[in-house]
Amino acid sequence: MKKFAFLFCSLLMTAAFGQVKWMTLEAAIEAQKNVPKKILIDFYADWCGPCKTMEKETFNHPVIAKYLQDNYYAVKFDAENKESITLFGRTFANPGFVDGKKRNSMHEFTKFMNVNAVPTTVFLDEQSMPITILQGALTAKELEPYMLFIATDDYKKINTREQWENYQKKFKSSVKN
């Protein structure tokens, strides 16, 4: 019985530490004013199977979740939502949104960020300027090197594909499958 209780408590703690605390983009940009951090935006859609897989297996992987919480403001953005947002001195909306429709038009902010499909992960610097876009579903092991590379500003030192490939070869993953 003690083993079961210990195992149960361990699973609860792992689940608690593996959860990402998502915020809105507006809240992340506001938070940057007090504590500068980079922003990771997960562009998703409710109907998107790979988006759900990334939420469950990539972002909630304990290594990724902890690193994300410690080094980034984590933002989820529904690429097809109907809410208007005001950022960078302009208002973005989704005038083509139709209530009750399973798939909707892309939100203007989604288009502004050059996101053409979901899932897409976008990294912003401490001034909310884009660093890079990763399109498609990523595993925790695939996302990890980008998260560290960007958080530590190593991306500013890499100028060629060869340098990036060398970085990837030398990278030691903390993600165990």
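Contact, as I use the word in this notebook, means heavy atoms within 4.5 Å.

**Setting up.** I am working with a predicted model, where local features need pLDDT of at least 70, side-chain atom pairs count only at pLDDT 80 or more, and totals for chains, interfaces and linings use all residues. Residues are numbered from 1 along each chain as its sequence is written, and side-chain values use heavy atoms, with hydrogens and water left out.

**Overview.** I looked up the secondary structure and found seven helices and six strands in the chain. Helices (H or I, at least four residues) and strands (E, at least two) are DSSP runs, numbered from the N terminus. Read from the N terminus, the order is α-α-β-α-α-β-β-β-α-β-β-α-α. I then checked burial: 38% of the 177 residues count as buried. Buried means under 20% relative accessible area, exposed over 50%, and partly exposed in between, with a 1.4 Å probe and protein chains only. Among contacts with a separation of 6 or more, 63% join residues 24 or more positions apart.

**Helix α3.** Which residues of α3 are buried? In this helix, residues 49–59, I found C51, M54, T58 and F59 buried. They sit on the same side of α3, because they cover an arc of only 75° around the axis; the arc is that of the directions from the helix axis to the C-beta atoms. Turned away from that buried side is a face with the exposed residues K52, K56 and E57. Next I asked what covers the buried residues, and the cover includes β1 (38–44), α4 (62–71), β5 (120–124) and α6 (140–151).

**Helix α4 and its partner.** In α4, I noted I64, A65 and L68 as buried. Down the axis of α4 these buried residues fall within an arc of 100°, so they line one face of the helix.

I also looked at how α4 meets α6: their axes come within 10 Å and cross at roughly 20°. Axes are lines fitted to C-alpha atoms, for helices over the stretch in contact, and angles run from 0 to 180 degrees between N-to-C directions. That makes α4 roughly parallel to α6, a label for angles under 35 degrees. From α4, the contact is made by V63, I64, Y67, L68 and N71, and from α6 by A140, L143, E144, M147, L148 and A151.

**A loop residue.** Where does N81 lie? I found N81 in the loop between β2 (72–78) and β3 (85–87). N81 counts as buried, at 13% relative accessibility. Leaving aside residues up to four places away in sequence, N81 touches N94, F97 and H107.

Terms used. Parallel < 35°, antiparallel > 145°, perpendicular 65-115°, else oblique.
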